[in-house]
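Please look through the sequence and the model below.

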Amino acid sequence: MTTKQKRYESLVQVYHSELYRFAYWLCHDPTVAEDLVQETFLRAWRSLESLQDDNAAKPWLLTILRRENARRFERKQFDYADVENDTLVDNRSVTLDEEMEQTVIQRQIGKLSAEYREPLLLQVVMGCSGEEIAEILELNKNTVMTRLYRARNQLKEALTENHEPIKGASN
Amino acid sequence: MDELEFRRRLFADPNDTEVIDHAIDNPEQQSLVDELQDFDAQLKSALQVEVPAGLADRILVQQQEDQASNVIPLAWYRKYDKPFATAASMVLAVGIYFMSATSAPLQAGEHALEHVYYEVNALERSQEVALQVVNEKLAMLGGQFDSLPGKVTYATFCNFKGQKSLHLVFQSEHGPMTVFIVPAQGNEYKHNDSHFNDERFAGMIGNGQKADTILVADIGTPIEDYHNEVSGALRWL
């Protein structure tokens with residue numbers, strides 16, 4: 001097996017699960033999420049030489065994945081994820097209470113505007129640092145931190161208000 | 001760090017070590033840190049969707065197919081630059097002449113061996129593919145396996161001489177074995193002989209009710225026994 005092949009296989013092993021979850025919450029569709037992850041890794045394979053440092057692999061892969069996701073919208077303008085009518089995912093063995101709570105949290109995250117949701121997903125699902133998120137989203141770090149603050153603030157408010165939908169959330 | 005900054009930074013990142021250290025001597029801030037960390041754990045768990053089984057394997061298979069389809073033609077173009085183009089086209093012409101003149105049918109056995117070599121990496125996989133996953137694929141050809149004589153480590157659809165077929169690898173006591181399930185309808189290859197081999201592999205073709213079962217294994221293994229076992233476990237729905 002070549003070094004390139006070994007390097008690639010370890011990237012797949014390390015990152016495929018996280019990337020799938022991130023993709024899932026971007027598109028809310030397991031099939032599309034899998035396609036996105038497949039396409040991301042295929043592109044990563046084809047340009048693996050351009051990844052100089054394996055420590056930078058995560059933001060690099062995420063940048064590819066976000067670009068692939070954007071392409072999907074170029075191809076099919078109307079294919080928006082309908083948060084309200086989403087089929088929510090089965091979350092392993094959890095009690096009914098926990099499941100309901102998780103469903104409520106998922107809905108509230110879905111209601112966040114994309115500019116708040118995406119940095120939050122990158123931080124919570126992908127474990128990205130503020131710097132990495134800034135690099136991936138091409139924003140400065142202060143903006144990222146402000147959005148993360150607002151994302152959690154809105155979520156906490158929404159979830160403590162007895163699961164009422166947030167109205168007139170400030171921007 | 002004033003109260004406002006503390007709050008902003010904690011909400012932006014509940015694992016910010018500077019913020020956590022800052023709260024150590026302040027019980028009120030400490031409890032807010034705990035609250036936000038619990039909240040993050042809740043978020044994380046709500047976002048923890050199940051990853052489809054075998055995803056990593058499918059990603060690697062796709063890459064290998066991509067490599068096979070890209071690297072080989074590229075090497076061709078590089079090797080044969082202009083002066084060779086004429087020669088190449090003559091070789092092609094002669095080749096076509098011989099193919100049409102003799103109309104040699106490609107032997108199924110030869111094709112099976114070529115196929116095994118082409119995807120020879122598939123033999124080295126060790127991660128198990130559940131029988132259920134195999135059966136989901138096989139169902140598309142209308143069949144089902146009750147069991148297989150070994151752990152399945154590779155299952156994918158392949159083009160077998162123009163026929164969509166199922167390509168399996170299982171790990172037997174005699175090492176990895178390849179099975180092709182090729183629907184009988186419309187397959188164009190000929191098999192005059194049910195046994196075939198080269199210097200490394202041997203194989204056997206059996207005609208089934210709806211599909212041919214082709215088994216390829218290392219030379220010297222009791223192929224007939226395994227073939228019987230595999231085709232015996234295959235049911236058509």
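Strand S3(B) has 10 residues, and eight of them are buried, so this strand is largely enclosed by the rest of the structure. Buried means under 20% relative accessible area, exposed over 50%, and partly exposed in between, with a 1.4 Å probe and protein chains only. Strands (E, at least two residues) and helices (H or I, at least four) are DSSP runs numbered from the N terminus. The model is predicted: local features need pLDDT of at least 70 and side-chain atom pairs count only at pLDDT 80 or more, while totals for chains, interfaces and linings use all residues. Residues are numbered from 1 along each chain as its sequence is written, chains are lettered from A and ligands numbered from 1 in the order in which they are written, and side-chain values use heavy atoms, leaving out hydrogens and water.

S3(B) runs antiparallel to S2 (residues 151-160) of chain B, joined by nine bridges; two strands pair if DSSP finds at least two bridges between them. Two residues lie between the strands of this hairpin, where B:Lys161 takes a positive phi near 50°. S3(B) is also antiparallel to S4(B), with seven bridges, and these two form a hairpin with two residues between them. B:Phe170 in S3(B) stands opposite B:Val152, and its bridge partner in S4(B) is B:Met177.

Next comes helix H8 of chain B, residues 223-233, whose buried residues are B:Ile223, B:Tyr226, B:His227, B:Val230 and B:Ala233. Seen down the helix axis, these buried residues of H8(B) fall within an arc of 140°, so they line one face; the arc is that of the directions from the axis to the C-beta atoms. What covers them includes strands S3 (163-172) and S4 (175-183) of chain B, where contact means heavy atoms within 4.5 Å.
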